[in-house]
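Please keep the sequence and the structure in view while reading.

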Amino acid sequence: MHGLVIRSTGNSCIVLTDEGIRVECQIKGNFRIRDIKSTNPVAVGDRVKITIPEGNEPAFITDIDERRNYIVRRSSNLSKQSHILACNLDQCLLVATISHPETSTVFIDRFLATAQAYRVPVILLFNKRDILSDEECRKADELCSLYSGIGYRCIQCSILQDSGLEELDDILRDKVTLVSGNSGVGKTTLINRLLPELDLRTGKISDKHDTGMHTTTFSEMFNLPEGGWIIDTPGVKGFGSFDMSSDEISHYFPEIFSCSCNCRYGNCTHTTEPGCAVKDAVSTGKIHQSRYNSYLSMLNDESQGKYRKELLNQGTGR
């Protein structure tokens with residue numbers, strides 16, 4: 001029997017079978033000893049084969065279909081393991097906020113680079129426009145100009161006030177969409193706006209640290225009434241890159257990759273080499289300094305050997 005993993009709690013999964021039945025499944029033990037370098041060998045969005053024994057024995061996931069793509073990040077607890085956020089995606093919706101809490105450009109750029117590596121389109125949703133000061137609104141406008149200039153679709157909105165979201169239903173229709181972002185940016189509020197019958201719990205922003213507090217504790221996907229699926233994920237504090245070597249990282253920054261063909265040396269790292277077209281572009285403002293800083297931070301990750309280089313076993317999508 002085959003089905004779709006629609007919820008993953010770590011210890012067990014809910015699989016929606018092709019016959020439309022929801023089955024709670026355990027993960028077969030041999031997944032734990034296969035060469036899968038992730039904390040969750042089965043993830044939301046996976047197509048899987050399950051076995052349902054007779055009697056009261058639990059159902060088991062026995063095999064995973066080849067993945068079309070996935071979004072992966074460094075595990076928060078195990079720096080040399082990865083954590084798969086979701087698989088077989090059509091697009092990602094990255095929810096960000098200028099303040100309360102502030103989403104850093106480094107976080108945004110690391111997410112975008114990872115999605116670029118696995119060929120998953122990303123739409124940037126800048127939330128909480130209604131509470132921004134004039135200066136913060138200008139910053140939001142500048143970031144939208146920056147990322148739309150690179151080629152990313154940007155939306156400014158207030159999910160709580162249901163403003164600026166007119167195009168969202170068309171964007172999500174008939175797509176499998178991962179919703180991600182820091183805790184407190186409004187991901188769960190967005191899910192509730194799309195599917196009010198779920199009435200998911202939302203959290204408050206910490207007054208002390210101006211950061212969000214986790215309310216979603218596991219990944220789950222929901223069927224949208226007009227077609228498509230949306231995947232809710234726990235908030236992410238940081239987005240450690242995984243499975244990228246130094247000579248690949250620039251490929252996932254479109255404007256850096258575009259300029260790199262004019263560098264004097266074919267293996268230019270865009271750091272100290274003479275005749276580097278990328279550094280020239282940064283100095284003239286053609287490449288934004290924040291993007292270059294994010295690129296350097298990812299280079300630093302790789303040079304320190306923080307992450308393993310082995311590919312995850314179930315297809316890379318690259």
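A search of the whole structure finds 1 cavity of 30 Å³ or more. Here a cavity is a set of points, on a 1 Å grid over the protein atoms alone, where a 1.4 Å probe fits but cannot get out. Grid points are joined across faces, edges and corners, and a volume is the space filled by probe spheres set on the points. The model is a predicted one, in which local features need pLDDT of at least 70 and side-chain atom pairs count only at pLDDT 80 or more, while totals for chains, interfaces and linings use all residues. Residues are numbered from 1 along each chain as its sequence is written, and side-chain values use heavy atoms, with hydrogens and water left out.

The largest cavity has a volume of about 40 Å³. Helices (H or I, at least four residues) and strands (E, at least two) are DSSP runs, numbered from the N terminus.

Is Thr103 buried or exposed? Its relative accessible area is 6%, so Thr103 is buried; the word means under 20% relative accessible area, whereas exposed means over 50% and partly exposed in between, with a 1.4 Å probe and protein chains only. Leaving aside residues up to four places away in sequence, Thr103 touches Ala96, Thr97, Ile108, Asn182 and Val185, where contact means heavy atoms within 4.5 Å.

Strand E4 (residues 47-51) has a covered face, formed by Val48 and Ile50, and an uncovered one, formed by Arg47, Lys49 and Thr51. Two strands pair if DSSP finds at least two bridges between them. E4 pairs with strand E1 (residues 2-8) in the antiparallel sense over 3 bridges, and Arg47 is the bridge partner of Leu4. E4 is also joined to strand E5 (residues 59-64) by 4 bridges, again antiparallel, with Val48 opposite Ile64.

Aromatic rings come next. Rings of Phe, Tyr and Trp (its six-membered ring) pair if their centres lie within 6.5 Å; planes under 30 degrees apart count as stacked, over 60 as edge-to-face and the rest as tilted. By this rule there are 3 aromatic pairs. One of them, Phe253 with Tyr295, is edge-to-face, at 6.0 Å centre to centre and 80° between the planes. This pair links distant parts of the chain, 42 residues apart: Phe253 is in the loop between helix H5 (246-249) and helix H6 (254-260), and Tyr295 is in helix H8 (residues 289-303). Both residues are buried, and together with Tyr292 they form one aromatic cluster.

Tyr292 is also touched by Val282, as are Ile287 and Gln289, not counting residues up to four places away in sequence. Val282 belongs to helix H7 (residues 277-284) and is buried, with a relative accessible area of 12%.

Finally, confidence deserves attention. The predictor's confidence in each residue, pLDDT, runs from 0 to 100. Its mean over the chain is 85, and 81% of the residues reach 70 or more. Over residues 205-214 pLDDT stays under 50, although the model has 23 contacts beyond four places in sequence for them. Where pLDDT is low, the predicted coordinates should not be read in detail.

How values were computed: 1 Å grid on protein atoms, 1.4 Å probe; cavity = no way out; pocket = protein on both sides within 12 Å on 5 of 7 lines; lining within 4 Å.
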